[in-house]
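Hi,

Have a look at it first, then read on.

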Amino acid sequence: MKIEKKYLINEDLVEMPSTALLQARTGDQAKFERAVSRVISRDLPMVSTDGIIAGLRYKSSVDGQSDFYLPRYVVRSMQGRRTTRLEMFPPSDDPAAPAGRLTVELQALPLVTVDPVRIMPHDVSLRLGYHVPVSSDTPSETSFGLARFEGRWRNSDPDTDGVTALKIAVAGENQLKLHATRDQHANKTDLGTVVADIRDGRAMASFHIQGSTVTLTLSERDGVLSVSELLDVHDPGAPGDRVIHHVFHPDHATGDTPFIWMDLAPVSDVGSTVRKSVTTIEDMETYIRLYRVLTRPEHRARIEVTATATVGRRSVKQNFVGHKARKALLERVGAKAFHIDPAAAKKIREKALSTAIDQPEAAVQPNIEMRIERTPQANTRPATPRVAPDSTRRIDTIRLPVADTLDQPSVLRRSVPTRFGRNAELVRRIAESRRLAEEAGRTSSEGQRRADVQTLSVALNKSFLDKIVTSKLPSWVMVEPSGKPVLTRRQETGVQIVSPFWADPDLHADQLDAPEDSSGGLVLLRHEIRSGSDTAIFYQDGLVPSQIYYEPQEFRLVRSESAPYAPLVLFHLNEEVDESAASDDGPSYSVTMTYQAKPYIQPDLIAMAHEQFGADSHISPITPTVTSLTIGLLADNGDTEAEVTRDDAEVDFVHGLSDALTFDEDEYRQLTTAFQTASGIGLSGHVAATFPDGRQGTVPVRIGMRNTIGDVFNASLTNAEDSPSTTVTYVNRIESPTRIHEFPVVILGEDRRAIAETAPPTDPLEPGGTLAVTYRSDPPGGTLTVPPQLSDVSVLPDLLAILAQTTVVQGYANDTFEVTVRIEPMFFDVTPEGAEPLTGVSVTFRTREEPVVLTPDAPSQTVTLQMPHILFLTNATEAQHYAYSVQDLHASGAGAATPYAAGSGNLDVQPAMSQSGGA
C-alpha cells in the first residue's frame, strides 16, 4: 500500500486529480468521464511537478514560444506605504448594515531575466491567516534588556527573498552580535557577522555584500522580532532600493503555530500586475478581531496566495478513464501506443534509478531525456531517430528487442490460479475473458504492431524519476507518432505566503481605522466538557464568546450531501507491469481508493457545549498545525498493517482530509473484506498535530462504511390538528440497509422534551424503505417543529452497490451481462398539471457510451453491459451491478434528470419528474 497523488485522464486528454474528481458532484464526474466539455489545445506552460513554483521559468508546449513564469506576490506599496486599508463604516440604524471592509492589494514582481518571458495566465484566491494564543498557555519569562534578542530566529515567511535566519548574541553594553542568512531568487547568501548598536530599544546592523548593502532594523515585542530590511543597490542602472518588513520567531517555534484562516473576497485586476480584494466585514465583532490581528505581531498575520493555472505535461504515468476501447480511444485522439512489458519495465526502472543518482540537480525542470527504442532481434537495426541537441539535457537510450512487446499473443496466457486461486468462479470469468482477448489478438496483432510505435522519448525531472523508481509503470503509454507522450492539460496551483501582514497602528492610523473600544485580548479560553464517558476539549473565543471551537475525537468517512448520497470514495483500477512476473504473463492490477474524511465529535458533546455556551453559539473544529498523516490497513486482530506516513499531508480540520491510497490485489481484497466486518473499518491511522495550547497529540482516523458522517435518511414531519403527538417519517435514501439503534430525545424548551413512543425496529431499514415514528411532548404542551436527526445508526454496507456508484469508469472485462430496461406505458398517458407531455425517457448507464431511449412504441429494451474487473478483484461471484440515470424527453427537448443511482438485475424506471431529486 502506498500514498500517491493519482491523476486521471479523459478522452480529451484533460487530467484531473482523483481528489478533485471525488469532490465534484456525481453528474460532473460523469461529464468528465465522458469528456463532455471539449478542450482546445493551446499554448501551455509545461509543468511536470505537483504544484507551480513562483519565480521559476516553465517552457511552452509550443516550440519556439517564450517561456512562462508564475510571479511572486508582495503587498503593494506606494511611496513607501502599503495600500492595505481596514476601513470602518459610519454607524447605521440598520442592524444588518456591514461594519466595514478590508482592502488588500498585491503586486506581482517581474522575473529578472534577459530572455523574453511571459506571465502564465492564472486566477488568484486569498486567505488571511492569524494565530490566537490560548489563555491557559504558561507565559514565558519576560526577557529584560538585551537578553530578549538572544538566540536563533527564523523568518515566518518561508517564501521570502530577504533575510531568512538570524543568530543573535550579546556583544557588550548596548551592543549585539548578528549573523544573518539571506535568500534571494532561490540563492542563499551568508551575509556574515556584524556588531549592532542598540538605541531606543532598536538594533541597527549593516551588511556589505558585492554591489549592495543590506541594513536591518530590529525590535522585539512579546517574543516576536520585527525586522525591516533595506536593500541598497549601488549600481545606478539596477532596480532601485527595496524595503521588506519581516516577522521572526524563535527557531524552535517555527512551523508549530496553529492558524485560523479566513477566506477573503474574490480578487480583481488593477492594471496588469496588481490584484485587489475588497472584503465586506459584516459585524463589529469581526471588525475588532481584524483590527487586533492586523495591528499586533503576536497574531502573526499572513496572506496565503493561491494561484491556479491551466498547464500541460507529457508523462508516462497515464491513467485513462472513459467508455471507449483502447483502439477507439487512440483513433479519436490521433495517437499511438507504446507497450511496456516486464523486461522493458525493469530496464527502464534501473536506468531511472542510476540517472536519478547521477542527476541530483534536475529536481524540477524536465532536463533529462530518456529514449527507449525497440529494435529487431536480427543483426540489422533501424537508424536511431535524430534528436536536436540540447546542452541542458542528458539523453539515455535503452534498446529493447521487438520480441519484448505486448503484441505477442503469448502474454495473454497467464497463471490465473496463482493470483486468483481463492475463487473458482472468479478464475473461470478471468480465464474466459483472457481467452476471448487472445483470439482477438491473433487476428489483429500484425495490424496492431504496425499501428503502435517502437520508440518512447520523454523528458523527465528528478522528482519524476523518483516516482518511476518507487512505483510500477503502466502496461502501455499513449504517444504521438514522434514517440513523445501525448500532451495533457490540467489545473495546477501554486501557493505563496505573504508575511508579515500587520502594521504599527500609530504609524498607519490613516490606513487602519481604530474602533472605539478595542480593549480585551484576542485569546482562546480552554474548556473540558464531558458527556458520559466521552470527553473533549473546547475553545471559546475571548473576543466573540459565541464562537466555539472543538478538538475532534476522530476523522470519519463522509457521505455525499447530494443524491445518490454515496460514500465520498472513488475506486480506480490500474493496469500495471509486474516486473517479477514471467515473460508470458499479462499486466497486474492495483486499485487506487480516493477518500474524504471529516472531523467527528459525538453529538452529545455538541449538545453539552450548546448548554454551556448558549443555544446560539457557533461551534466548529479547531485548526491545529498538522505534522503528519499515518494510515494503514486494519487486520483481523485489530492491528494496523502496511502503515504509510507522510509529513506533507494536506489535512484541513474544517473541510477534512482527502487522500489517495493504492493497493495491490491482495491488499484490496483485505480492504473490501474489512469494510463488511462488524466494525466496518477498513483503514485506521492518525493525524499528528500541535494544538493551540501547545500540546502535541494525535487524532484517530477511522475509514469505514458502517459509521460515516452525513444523513442517511430523508425526514418529513406531520403535526395533526388537535393531536398531542407528531409523526416523523424517515426514508432510507442510500444504497445499503441501515439499522437504527436509538431515537433521540429532543429538547423543546421550558423543561419539555419530545420522546419517541416506540423503540427502534429490530430489522434494518432497506434502501427506499420508510418508517413512521410518533413523538409526544413530555410533559404535554410542547411542539416538535423540526424532524429529529438520527445519529445513532449503522449502515450494513452493500459493497457491490457502493462500488457501482463509486468506481471510475475504466478497466472492464470482456464478460458481459444483459439487463432489460422497462417503463410502464401509463407514464406516457398521464401528464401532471403544469408539465409538458412525456415523449420518452433516456436511461444512461455509467458503463455504456450510448443511452437507452424508451418510448410509448418501445417501452422495453434489453441492453448488454460490461462487468468491471474491480468487482472480480472483490471476490464477487456476480458482477452484475451498475449505476444509471434517467432523463425525461419532451417534444421541446431534454427535461429533468435524476442523479446516478445503483442498480442490479432488470431495471424498471420512472420519469425523472415523478422522482424526488430530478433536476
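A definition before the strands come up: two strands pair if DSSP finds at least two bridges between them. Helices (H or I, at least four residues) and strands (E, at least two) are DSSP runs, numbered from the N terminus.

Bear in mind that this is a predicted model, where local features need pLDDT of at least 70 and side-chain atom pairs count only at pLDDT 80 or more, while totals for chains, interfaces and linings use all residues. Residues are numbered from 1 along each chain as its sequence is written, and side-chain values use heavy atoms, with hydrogens and water left out.

With that said, strand β12 (residues 123-130) and strand β24 (residues 302-313) run antiparallel and are joined by seven bridges.

Now the whole protein. There are 13 helices and 58 strands. Of the 919 residues, 50% count as buried (buried means under 20% relative accessible area, exposed over 50%, partly exposed in between, with a 1.4 Å probe and protein chains only). Taking contacts between residues at least 6 apart in sequence, 70% join residues at least 24 apart; a contact means heavy atoms within 4.5 Å.

Two elements are worth a look for burial. Helix α11 (residues 799-806) is largely enclosed by the rest of the structure, because eight of its eight residues are buried. Among them are L799, I802 and T806. Strand β35 (residues 569-576) is mostly covered, with seven of its eight residues buried. β35 also pairs with strand β36 (residues 588-600) in the antiparallel sense, over eight bridges, and L570 has T594 in β36 as its bridge partner.

On to the rings. How many aromatic pairs does a search of the whole structure find? It finds eight. Rings of Phe, Tyr and Trp (its six-membered ring) pair if their centres lie within 6.5 Å; planes under 30 degrees apart count as stacked, over 60 as edge-to-face and the rest as tilted. One of the pairs is F259 with W261, tilted, at 6.1 Å centre to centre and 40° between the planes. F259 is buried, at 12% relative accessible area, whereas W261 is partly exposed, at 29%. F538 and Y550 are tilted too, at 6.2 Å centre to centre with 50° between the planes. F538 lies in strand β32 (residues 534-541) and Y550 in strand β33 (residues 547-550), so this pair ties together parts that are twelve residues apart in sequence. Both F538 and Y550 are buried. Elsewhere, ring pairs link F845, Y882 and Y884 into a cluster.

The charged end of R733 is over the ring of Y565, 3.7 Å from its centre. R490 lies over the face of Y7, at 5.7 Å from the ring centre.

Cheers

Terms used: A charge sits over a ring if NZ of Lys or CZ of Arg is within 6 Å of the ring centre and within 35 degrees of the ring normal.
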